[in-house]
Amino acid sequence: MNLRTCTVVFFTVLYFTLPPETIGALRRCVSCRSRGELGSCKDPFTMNSTQIELEKGVDMVPCASGWCGKIIESANLNNEYGTATQRLCYQKGPSDGEERCAYAMWNYRKVYMCLCFGDLCNGATQINLSYSLVVLTSYVTVRWII
């Protein structure tokens with residue numbers, strides 16, 4: 001095989017083996033709800049994407065808007081019994097496009113609400129790979145090997 005054919009084959013294999021979140025085709029949000037000390041949704045939320053897949057009651061859901069959020073329902077935010085924490089996907093983001101946390105009205109209750117934009121931004125800490133960076137690094141590696 002010549003260099004050009006080898007490069008095309010390499011990039012084709014690379015494209016089809018990368019997970020979708022690396023390519024940027026899909027944004028996901030953590031989806032869960034916990035009350036008090038029960039459940040895994042409360043803060044601090046320390047699960048990564050692999051742990052989320054294994055945890056009952058915690059899911060990674062596709063989010064077309066890309067806007068994820070966290071809602072804390074409580075009279076005050078001192079983690080007393082009965083405080084509910086919910087992580088979810090919003091159908092649309094704020095009109096100004098700014099990420100934020102603030103008190104707001106939700107289902108006729110005053111809650112503390114956070115909005116963020118990005119893959120799993122409302123939960124797991126993650127490393128976001130730029131697809132362009134992966135392709136560039138792969139190309140340099142192929143050129144160096146051959």
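How many salt bridges does the count come to? By the rule used here, the count comes to six. A salt bridge is a side-chain nitrogen of Lys or Arg within 4 Å of a carboxyl oxygen of Asp or Glu.

This is a predicted model, in which local features need pLDDT of at least 70, side-chain atom pairs count only at pLDDT 80 or more, and totals for chains, interfaces and linings use all residues. Residues are numbered from 1 along each chain as its sequence is written, and side-chain values use heavy atoms, with hydrogens and water left out.

**Salt bridges**

| Arginine 28 | Aspartate 119 | 2.7 Å |

Start with arginine 28 and aspartate 119, which meet in a salt bridge. This pair links distant parts of the chain, 91 residues apart. Arginine 28 is in strand E1 (residues 28-35), while aspartate 119 is in the loop between strand E6 (109-117) and helix H4 (131-145). Helices (H or I, at least four residues) and strands (E, at least two) are DSSP runs, numbered from the N terminus.

Arginine 28 counts as buried, at 11% relative accessibility. Aspartate 119 is buried too, at 11%. Buried means under 20% relative accessible area, exposed over 50%, and partly exposed in between (1.4 Å probe, protein chains only).

Arginine 109 lies in strand E6 and glutamate 73 in strand E3 (residues 67-73), so the pair ties together parts that are 36 residues apart in sequence. Arginine 109 is partly exposed, at 48%, whereas glutamate 73 is buried, at 12%. Arg33 joins Glu73 and Arg109 in a network of salt bridges.

Aspartate 96 is partly exposed, at 44%.

**Aromatic rings**

There are three aromatic pairs. Rings of Phe, Tyr and Trp (its six-membered ring) pair if their centres lie within 6.5 Å; planes under 30 degrees apart count as stacked, over 60 as edge-to-face and the rest as tilted.

One of the pairs is tyrosine 90 with tryptophan 106, edge-to-face, at 6.1 Å centre to centre and 80° between the planes. Tyrosine 90 is buried, at 7% relative accessibility, whereas tryptophan 106 is partly exposed, at 24%.

Tyrosine 103 and tyrosine 112 also form an edge-to-face pair, with 5.2 Å between centres and 65° between the planes.
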